[in-house]
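I open this notebook to record what I looked up in the structure shown below. The entries are kept brief and follow the order of my reading.

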Amino acid sequence: MAVTASSWSCSAVPSNTTNTISRSFSSRRFTSSRNSTRNFDLFMQKKKLNATVNSKLAQKTQLQYRKLGDSDLNVSEITVGTMTYGEQNTEKEAHEILSYAFDQGVNILDTAEIYPSPLNKETQGLTDLYIGSWLKSQPRDKVILATKVCGSSERATYARDNSKVLRVDAANVKESVEKSLKRLNTDYIDLLQIHWPDRYVPMFGEFFYDPSRWRPSVSFVEQLRAFKEVIDEGKVRYIGVANETSYGVMEFVHAAKDQGLPKIVSIQSSYSLLVRCKFEIDLVEVCHPNNCNIGFFAYSPLAGGSLTGKYLDHDSEAAKNGRLNLFPGYMKRYDTSVTREATVKYIEVGKKYGLTPVELALAFVRDRPFVTSSIIGATSADQIKQDIDAVLSVERPLPSELMDEIEIIFKDYKDPSIL
């Protein structure tokens, strides 16, 4: 499932794709024995490889910006994820993280009306409030504000004043937007996304569609009409989706074109070294600039922290303070033996090329030609600094030899986190 930059005609892809690592070592011939030749070649290859990667690590590249679908939004390749604000992070910590990221050139943050996560009636809305108080000290036109309205839910009804079930209809969208604007201390939202579909779809680790779970849902046209109302009022600029399928994206695009309604410009999906299949199988074709031209936000590029390697030792301090242990059962798809096996393999490959687990994981997602921006969350200013440095300090693009080794692991494990 390797996808090359040349197959994705998008200006977001770095133009300099020349690999600095030669593959010519094995063709050299010496007068010594065959074994001596092979050993010498391997030694020289490893020596040059280390020198190349390490020299690149010492030179930070510039943060890149990419056009989001059909919108006029130019978003940074890093989006600040905020779902821990109000649960794992205090307001002061949230401000420190946001300020550091935006000082480095990041220009977009992503929140949701239902945050923080895990969902909790007592904390719902705190994330927005923390962002809203931070926005008071920022020039509003320099911050691209993305948020999300809930999809169908009987669990999160506390997000509305009087509702037995949340739906993506005019009444729900209007109430959601009004409350979000108030919490966020702003008069408009740059990008409003449907957090999960109004209809049944497999998501959050589920992979296969269960036909028996089909249920009636709000039509795609009605959903777009609801968004048109808040757009016409000047409260929302653009709309997008999250945790959506190819069918859903194409229906939204078709409904917009057929009825003259606003077109979605983006999609959010989980994407990382451990989660690739769902997007790469067919969403990548749907979102292609020459097809539906949908910008792609890759969330959980570190697979809930699993790709840092901290959960390989459950007794470590980092693991004990991680969300998988703080919230038992949360993101349990990443806490399986096969997921840990794949993680170890990827970490070993990264180490071979002089990269930390975080550098490998974030650079892999960064280099995918179909990724517009990676949503990266952090629970401290130090952590967001490490993440931003990982994106900017690793060679662009990753060496082809390294990508070949990643594909070998992928062929063995595919998506090990599938439930």
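Is Ala 303 buried or exposed? I found that Ala 303 has 0% relative accessibility, so it counts as buried, the cut-off being under 20%. I note at the outset that this is a predicted model.

Entry 1. I placed Ala 303 in the loop between strand E9 (295-299) and helix H8 (317-320). Its phi is positive, about 50 degrees, although the residue is not a glycine. I kept in mind that most residues other than glycine have a negative phi, and that most peptide bonds are trans. Phe 204 also has a positive phi of about 50 degrees and is not a glycine. I located Phe 204 in the loop between strand E6 (189-194) and helix H5 (220-232). With a relative accessible area of 39%, Phe 204 is partly exposed.

**Entry 2. Cis peptide bonds.** I checked the bond from Ser 117 to Pro 118 and found it cis, with omega near 0 degrees. Pro 118 sits in the loop between strand E4 (108-110) and helix H3 (126-135). Arg 396 and Pro 397 are likewise joined by a cis peptide bond, with omega about -15 degrees. Pro 397 belongs to the loop between H12 and helix H13 (400-413).

**Entry 3. Asn 243.** I looked next at the loop between strand E7 (236-242) and helix H6 (246-259), where Asn 243 is found. Asn 243 is buried, at 9% relative accessibility. Its side chain reaches the backbone oxygen of His 195 at 2.8 Å, and makes a polar contact with the side chain of Tyr 299 at 2.5 Å. Leaving aside residues up to four places away in sequence, I listed the residues that Asn 243 touches, among them Pro 197, Met 203, Phe 204 and Gln 268.

**Entry 4. Helices.** How do H2 and H12 pack, and at what angle? I read an angle of about 25 degrees between helix H2 (residues 91-103) and helix H12 (residues 381-393), with axes 8 Å apart. The two helices are therefore roughly parallel. Their crossing is right-handed. On the H2 side, the contact is made by Glu 96, Ile 97, Tyr 100 and Ala 101; H12 contributes Ala 381, Ile 384, Lys 385 and Ile 388. I then turned to helix H11 (residues 357-367), which has 10 of its 11 residues buried and so is largely enclosed by the rest of the structure. The buried residues of H11 include Glu 359, Arg 366 and Asp 367.

**Entry 5. Whole chain.** I recorded 13 helices and 10 strands. Of the 419 residues, 55% are buried.

How values were computed. Residues are numbered from 1 along each chain as its sequence is written. This is a predicted model: local features need pLDDT of at least 70, side-chain atom pairs count only at pLDDT 80 or more; totals for chains, interfaces and linings use all residues. Side-chain values use heavy atoms; hydrogens and water are left out. Helices (H or I, at least four residues) and strands (E, at least two) are DSSP runs, numbered from the N terminus. Buried means under 20% relative accessible area, exposed over 50%, partly exposed in between (1.4 Å probe, protein chains only). A polar contact is a pair of N or O atoms within 3.5 Å; within protein, one must be able to donate a hydrogen and the other to accept it, and residues adjacent in sequence count only if both atoms are side-chain atoms. Contact means heavy atoms within 4.5 Å. Axes are lines fitted to C-alpha atoms, for helices over the stretch in contact, and angles run from 0 to 180 degrees between N-to-C directions. Angles under 35 degrees count as roughly parallel, over 145 as roughly antiparallel, 65 to 115 as roughly perpendicular and the rest as oblique. A crossing is left-handed if the near helix is turned anticlockwise from the far one by less than a right angle, and right-handed if clockwise.
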